[in-house]
Amino acid sequence: MIILSREITVNKPYCRVSIGAWSDEALEKRSQTSSIGLTIGNDGIVGQIQIGTPGQSMDVQFDSTFNGVMVQSDGEEPIIGGGFQYNHSISTTFRDTQDFAYVEGIGEGAVAVAFAGNETVDIGGTLFSEVPFGEMFQYNRLTSGRLMPFNGASGVIGLGYKPVQGSGQSSFMYAIKDQLQGWVCTLDSYRAWNNGTLTIGATPSLQYADEIAWVDRNPRDDGIWSINITAVSSGGKIDPSVTSWSASVSTEVVSLVWPQRLLDWYFAGISGAAWSPNDVTYRYPCNTTLPDFQFALGNGTFTIPGSYLPYQRDESGTTCITLVTGDNSTESDHEYSFGMWWSQIGVLIFDYENGKVGFANKTMPLPVFAPSSLQVITFT
């Protein structure tokens, strides 16, 4: 973390804190839950929140690989643009906590400089007070291809496991822990409709059909939700070339990234299937019925139907690719990806109290992606 001196000081009254018995209002805050509707695209999941008092509406990314909270502000340098800009001067709940600026990476090599503060955040009609956040005033994409921060959204709320964000203040889920009914987040999203629901503080039983399978988070210092995945079978084959691997649960990455040797094994015996370096996956005849793939997480076993895997096709509808890509890394500690398309086959739960990831089947059957429904692209 790099700390910069702040040239302009904003004078705001500090919140008055009373010490003693819990008030009814405080007790109520300790049992809050919140649900928010999401839209899902190639750049992750986005929901509408309000920040400050009165509330200022912003569309923010919810990023499982990020630990902080950061928003675009009206004090930022020109050319950042893209989303609504927060104005702390019209909020009665803004608190300029530490009078410093800090630098934080915000994905793919880009960095932002922000002023640290605390604010009230409204997520789905539930107010969370004293949330540490950063008001961005500089953005440098460096080696990143991102022209705008947060892919054009107004900000980001990190759902990572790390206790602190770049400013040294508490990360989002740690900051609101004592305001929640349960220290969990539940994501129920849908590839077919590109939408979903994020529930903070609870795991609604109506969202899943079976028992929740739990897998321990792999120890990491960066707060990433890393888990171990086990391959079980594909169609009638029960001898996977790669039996297990480590993957980061990412709401910003869409693809299912497997070890390439496992993808080779999956497509072995499928007539006409061929590896495509351009697509980083296999091309195969669209009239092929792909086999189901079975995998295990912790104490549960799940199936990805072959009919769920098709992703794109050529204009004639003869050649298709799947949403699974391959990575041929030979490093023993290489991290693959458990992206959004994978998590959308079930209900995903982050358990901060126990450092576990939960997964369960949905209450409704998964959609079938026939060739006619696939995105049309030009293969090169």
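Predicted model: local features only at pLDDT ≥ 70, side-chain atom pairs only at ≥ 80, totals over all residues.
Residues are numbered from 1 along each chain as its sequence is written, and side-chain values use heavy atoms, with hydrogens and water left out.

Asn218 sits in the loop between strand S12 (213–216) and strand S13 (226–234); helices (H or I, at least four residues) and strands (E, at least two) are DSSP runs, numbered from the N terminus. Is Asn218 buried or exposed? Asn218 is buried, because its relative accessible area is 16%, and buried means under 20%, exposed over 50%, and partly exposed in between, with a 1.4 Å probe and protein chains only. Leaving aside residues up to four places away in sequence, Asn218 touches Ser226, Ile227, Asn228 and Ser246, contact being heavy atoms within 4.5 Å.

Now to the cysteines. The structure holds one disulfide, meaning a pair of cysteine sulfur atoms within 2.5 Å, and here the sulfur atoms of Cys286 and Cys320 are 2.0 Å apart. Cys286 lies in the loop between strand S17 (281–285) and strand S18 (293–297), and Cys320 in strand S21 (residues 319–322), so the bond ties together parts that are 34 residues apart in sequence. The link of Cys286 and Cys320 is right-handed, with 110 degrees about the S-S bond, and both cysteines are buried.

Strand S21 also belongs to an open sheet of five strands, in the order S16-S17-S21-S20-S26, with mixed pairing; two strands pair if DSSP finds at least two bridges between them. The edge strands, each pairing on one side only, are S16 (274–276) and S26 (375–376). Strand S20 (residues 310–313) runs antiparallel to S21 and is joined to it by three bridges, and Gln312 stands opposite Ile321 in S21.

Finally, the whole protein: it has four helices and 26 strands, and of its 380 residues, 53% count as buried. Of the contacts with a separation of 6 or more, 67% are between residues 24 or more positions apart.
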